[in-house]
Amino acid sequence: MADMASVCVFCGANFGRREAYVDAARHFGRQIARRGLRLVYGGANVGLMGAIADAALNEGGEVFGVMPQALMAREIGHTGITRLEVTPDMHTRKARLAELSDAFVALPGGLGTLEETFEVWTWGQLGFHRKPVGLLNTGGYYDALTTFLAHAVGEEFVQMAHRDMLVVNADGDALLDGLAAYEPPTVEKWIGLAQI
C-alpha cells in the first residue's frame, strides 16, 4: 500500500478544447484537499495547472509549486499558493517535484505532461522509487495512449507488470483509491535478457 501525504499532478498549462478538462481539474483539486493530501505541481497560474491549484486552495488544501526561474520570468508563477519554490532549471524542478511527492497523476496535457509522467513511471519501472503513477482519463483523453501501451506490451517492449504499474481511471476518487492501494511489481525490466 502506498503511504500518501502528497500527490504530484502533471497537467496542461492550457485549458484544452473541452470544458470537461477544466471541470475535472477543479474537481480533482478539491478531492485531493478533502482527503487531507497536499497538492504538488509545477507552480503555474495558467491553464489546468492554475485551475487545480485554485480549487485545492479554495477547499482549504495545501498547494506546493515548483517552477524554474526561466518560467517565473514569464510571470506565470502562482504567487497565491502555500509555497512556491523557484529552481535554476527544469531538471532541478523535476527532481524537487519527485522528492516532495508520494504519488503522481497526469491530467490531460501536452508534451511536458507526457514527458514528466513517462519519466517518473520509468523511474518506478527501474526501481528508483516505489511510488504510484496514474492517469486521470477525463473524457477518454488517454484512450489512444493506453491502446498504444497495449501494442508495446504485445510487441514485447514493455512487460504487462510494468504496464499495470500505470493506474488509469476516469473517476478521480477511484483513481486516488487505486494509487493508495498500489503495490509495485517485483519483476525485472528486461524481457528475454538470457537470449542476448
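Mentor: Gladly! Axes are lines fitted to C-alpha atoms, for helices over the stretch in contact, and angles run from 0 to 180 degrees between N-to-C directions. Helices (H or I, at least four residues) and strands (E, at least two) are DSSP runs, numbered from the N terminus. This is a predicted model, where local features need pLDDT of at least 70, side-chain atom pairs count only at pLDDT 80 or more, and totals for chains, interfaces and linings use all residues. Residues are numbered from 1 along each chain as its sequence is written, and side-chain values use heavy atoms, with hydrogens and water left out.

Trainee: At what angle do H1 and H8 pack?

Mentor: The angle is about 45°, and the axes lie 10 Å apart. That makes H1 oblique to H8 (under 35 degrees is roughly parallel, over 145 roughly antiparallel, 65 to 115 roughly perpendicular, the rest oblique).

Trainee: Which residues of H1 and H8 meet?

Mentor: Contact means heavy atoms within 4.5 Å. From H1 come Phe 28, Gln 31 and Ile 32; from H8, Gly 172, Asp 173, Leu 175 and Leu 176.

Trainee: What else does Phe 28 touch?

Mentor: Beyond its neighbours within four places in sequence, its contacts include Val 9, Ile 52, Val 105, Leu 107 and Leu 136.
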